[in-house]
Amino acid sequence: MRLQLASGKGAAALGAVMMLGAALTLGGCKQKGEYPMSQSSFLLNTFVEVTVYDSSSFWASDARKALEGSIQLCSQYEQLLSRTIEGSDIYRLNHREPGERSLQVDPQTARVIEKGLEYGERSGGKMDITIEPLSSLWDFTGENPQVPDSAEIESRLPAVDYRNVHVEGEQVIFDSDDTRLDLGAIAKGFIADRMKEYLVEEGITSAIINLGGNVLCIGERPDGSPFRVGLRRPFGEYSETAAVLTVNDLSVVSSGVYERHFVKDGVNYHHLLDPKTGYPWQNGLVQVTIISQKSVDGDGLSTACFGMGLEDGISLLDSMEGIYGIFMTEDGQLHYSQGAENFVEEVSEEQKT
């Protein structure tokens, strides 16, 4: 999932936004040059960056402290939700002893799993947090990625079914020893929401949280203008945008076939897997972008709607209040759920119908 902040077309898009923010006089007795302030780190197996544009505090040092605290919070959640960090809740669940069907987890872990199960139900299993037996077979980032053996994929399919997981309070209950979890389709959104809550409590009034492309805005720009988020054009240069969205206090999340992927024998194999086949979806979509208040909804729905396909995905979003989607098909055209087009400021020539 990858987006970029944008303030215009082409290679200068990201820089233009940051320069605009730096040029603003941000009120009170704050000095020019104190804002925006950013901090980044490599967490959640991606590049995490938080940029603060303004705060209700008189002192910029308070905003800096909040900024650093938000990165620390992200790290703490990674220690809970990563499936590869030994000792995390998800690692413990996936490495439980045979016959051990119920384990206690942190309340926040239980919340994430519950949300994942909710979107499994909403999508009819198209988004499934028990995908780990299949996702662990695929390596999309290695030097020489290969398509897994078909017999191995087939043998693991019965282990994938979100209906085999239940949450009761802080207990996670499994119906099968073979069930394992991968929260990659929802964890970043959940964490972004917690970071936003923390920053707002610390007095931050204008900021952008970017968890490797899960973009979550706090408020609006200090001058009252909206944030502008560029949707990357699939398979183009990183700075190329398919469209530019204007949003205030909202989340923008995309799932697409162009980031974690490899091509073998003319076929593009990407990380968005069909839980029923174990292979990447091939349904005519190349990208789904969700605009929502909560980033956890955008995260889960971008994966769910991608799997559901264009018509069913739009129908699902049209049934939900305050959540909007932009779907890009293989021909490069953009398709919108009800109200989504209102967020689009500009569309590249390639995406115009």
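**Gly309 and the burial labels**

Colleague: Why is Gly309 called buried?

Modeller: Its relative accessible area is 9%. Buried means under 20%, exposed means over 50%, and partly exposed is in between, all with a 1.4 Å probe and protein chains only. At 9%, Gly309 therefore counts as buried. Gly309 is in the loop between α8 and α9 (310-318), where helices are DSSP runs of H or I with at least four residues, strands are runs of E with at least two, and both are numbered from the N terminus. Its C-alpha is 9.0 Å from that of Phe327, 18 residues away in sequence.

Colleague: What sort of model is this, and how are things counted?

Modeller: It's a predicted model, where local features need pLDDT of at least 70 and side-chain atom pairs count only at pLDDT 80 or more, while totals for chains, interfaces and linings use all residues. Residues are numbered from 1 along each chain as its sequence is written, and side-chain values use heavy atoms, with hydrogens and water left out.

Colleague: What makes Leu301 buried?

Modeller: Its relative accessibility is 0%, so Leu301 falls in the buried class. It sits in helix α8, and its C-alpha is 8.8 Å from that of Thr289, 12 residues apart along the chain.

Colleague: And why is Ile173 called partly exposed?

Modeller: Ile173 has a relative accessible area of 21%, so it lands in the in-between class. It belongs to strand β6 (residues 171-174). Gln104 is 69 residues apart from Ile173 in sequence, yet their C-alpha atoms are 8.9 Å apart in space.

**Rings and charges**

Colleague: How many aromatic pairs are there?

Modeller: The whole structure has 7. Rings of Phe, Tyr and Trp (its six-membered ring) pair if their centres lie within 6.5 Å; planes under 30 degrees apart are stacked, over 60 edge-to-face, and the rest tilted.

Colleague: Why is the Phe58 and Trp59 pair called edge-to-face?

Modeller: Their ring centres are 4.6 Å apart, so they pair, and the planes meet at 85°, so the label is edge-to-face. Phe58 is partly exposed at 44% relative accessibility, while Trp59 is exposed at 54%.

Colleague: What makes Trp138 and Phe140 stacked?

Modeller: Here the centres are 5.4 Å apart and the planes are at 0°, so this pair is stacked. Trp138 is buried at 7%, and Phe140 is buried at 10%.

Colleague: How many disulfides did the search find?

Modeller: It found 0, a disulfide being a pair of cysteine sulfur atoms within 2.5 Å. As for individual cysteines, Cys74 is buried at 0%, and Cys217 is buried at 0%.

Colleague: What makes the backbone at Asn45 and Asp249 worth a mention?

Modeller: Most residues other than glycine have a negative phi, and most peptide bonds are trans. Asn45, not a glycine, has a positive phi of about 60°; it lies in the loop between β2 and β3 and is exposed at 67%. Asp249 has a positive phi near 55° and is partly exposed at 33%. The peptide bond from Tyr35 to Pro36 is cis, with omega near -5°.

**The largest pocket**

Colleague: How much space lies in the largest pocket?

Modeller: About 1,200 Å³. On a 1 Å grid over the protein atoms alone, a pocket is an open set of points where a 1.4 Å probe fits, with protein on both sides within 12 Å along at least five of seven lines; lining residues have an atom within 4 Å of a point. Of the 41 lining residues, the closest to the centre are Asn45, Asp182, Gly184, Ala185 and Arg260.

Terms used:
Grid points are joined across faces, edges and corners, and a volume is the space filled by probe spheres set on the points.
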